[in-house]
Amino acid sequence: MGTGASAGFGQAIAHRLVADGYRVIAAARRLSRLETLAQELGDALYPLELDVTDFKAVRALPQSLPEDWQAVDVLVNNAGLALGLDRAWQADGDDWETMIATNISGLVEMTRALLPGMVARNHGHVVMLGSTAGRYPYPGANVYGSTKAFVEHFTQNLRSDLLGKAVRVTNVAPGLCGGSEFSLVRLRDAALADAVYDSTQPLQPEDIAEAVSWVLAQPPHVNVNLIEIMPLCQASAGLAVDRTMG
Ligand code: 8X3
């Protein structure tokens, strides 16, 4: 099952995993987009209208699914968003709460809902979509980056809890990635969103899907804890020094 599957990474991951032979539950808020995906991908894809911040609906999983879709082996926690690039003292509190609700609470509730079945079957894999923003701070990332740092640490804490079980957990942490609604959602302006990728060759959702596919395809004794991916045109460029206060 993958969340946020109606666009961007989630849609590319759904395509890739169906091509890999998985039956995929594609979950997202926008059912009509999922139905279009189902038309493309056929019976291997089950479209599920789901808002990961609707904790009642999430907690009803997997029993609320049709019986032959209930034994979920793989959860791809992809649903997430960034809102705004304002400095912390100017940022919108509602934006912060929305990011926390989706990127943290939605992700942990999805995990809590599907993990018991994986543990009972002693078989499963939870893949998180983290971010380089959870590893390297930058101005304006404040709460977004911190939600992704939570994702990374939650992944490693799950690994601790799951030691001795055949259930794997991985954090896939991409950097600059185009081809999705990420920057449009964040900046709420098409021109500003386009400018993020100006004169770059960013990652594409298919690159992320390739990483998820590879992680899942590793032999059962291998757990990939973390994959960090940046486009060649991006690097961590060191710490900033202010020279106006000296
Ligand atoms: C997306 C990467 O650099 O826009 O999580 O924060 S970045």
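Trainee: How many disulfides does the count come to here?
Mentor: The count comes to zero disulfides, where a disulfide is a pair of cysteine sulfur atoms within 2.5 Å. Cys177 is in no disulfide, and the nearest cysteine sulfur, that of Cys233, is 11 Å away. Keep in mind that this is a predicted model, in which local features need pLDDT of at least 70 and side-chain atom pairs count only at pLDDT 80 or more, while totals for chains, interfaces and linings use all residues. Residues are numbered from 1 along each chain as its sequence is written, and side-chain values use heavy atoms, with hydrogens and water left out.

Trainee: And is Cys177 buried or exposed?
Mentor: Cys177 counts as buried because its relative accessible area is 6%; buried means under 20%, exposed over 50% and partly exposed in between, with a 1.4 Å probe and protein chains only. Cys233, by contrast, is partly exposed, with a relative accessible area of 45%.

Trainee: Switching to pockets, what volume does the second largest pocket have?
Mentor: Its volume is about 280 Å³, taken as the space filled by probe spheres set on grid points that are joined across faces, edges and corners. A pocket, on a 1 Å grid over the protein atoms alone, is an open set of points where a 1.4 Å probe fits, with protein on both sides within 12 Å along at least five of seven lines, and lining residues have an atom within 4 Å of a point.

Trainee: Which residues lie nearest its centre?
Mentor: The second largest pocket is lined by 19 residues, and Met1, Arg23, Val24, Ile25 and Val74 lie nearest its centre. Two or more lining residues come from each of helix H1 (8–19), strand E1 (24–28) and strand E3 (74–77), and H1 gives the largest share, four residues. Helices (H or I, at least four residues) and strands (E, at least two) are DSSP runs, numbered from the N terminus.

Trainee: What is H1 like, then, and which of its residues are buried?
Mentor: H1 has twelve residues and reaches 17 Å from its first C-alpha to its last, close to the 16 Å expected at 1.5 Å a residue, the expected span being 1.5 Å times one less than the number of residues. Its buried residues are Gly8, Phe9, Gly10, Ala12, Ile13, Ala14, Leu17 and Val18. Just after H1, Gly21 takes a positive phi of about 105°.

Trainee: What do the buried residues of H8 pack against?
Mentor: They pack against H1, E3, strand E4 (124–129), strand E5 (167–174) and strand E6 (226–229). H8 itself covers residues 205–217 and reaches 18 Å from its first C-alpha to its last, close to the 18 Å expected; Pro205, Ile208, Ala209, Ala211, Val212, Ser213, Val215 and Leu216 are buried in H8.

Trainee: Where is Asn171, and what does Asn171 touch?
Mentor: Asn171 is in strand E5 and counts as buried because its relative accessibility is 0%. Not counting residues up to four places away in sequence, Asn171 touches Met128, Leu129, Gly130, Val151, Glu152, Thr155, Asn225, Leu226 and Ile227, where contact means heavy atoms within 4.5 Å.

Trainee: Last one: where is Leu162?
Mentor: Leu162 is in helix H5 (residues 142–162) and is buried, with a relative accessible area of 6%. Leaving aside its neighbours within four places in sequence, Leu162 is in contact with Leu115, Val119, Val167 and Val169.
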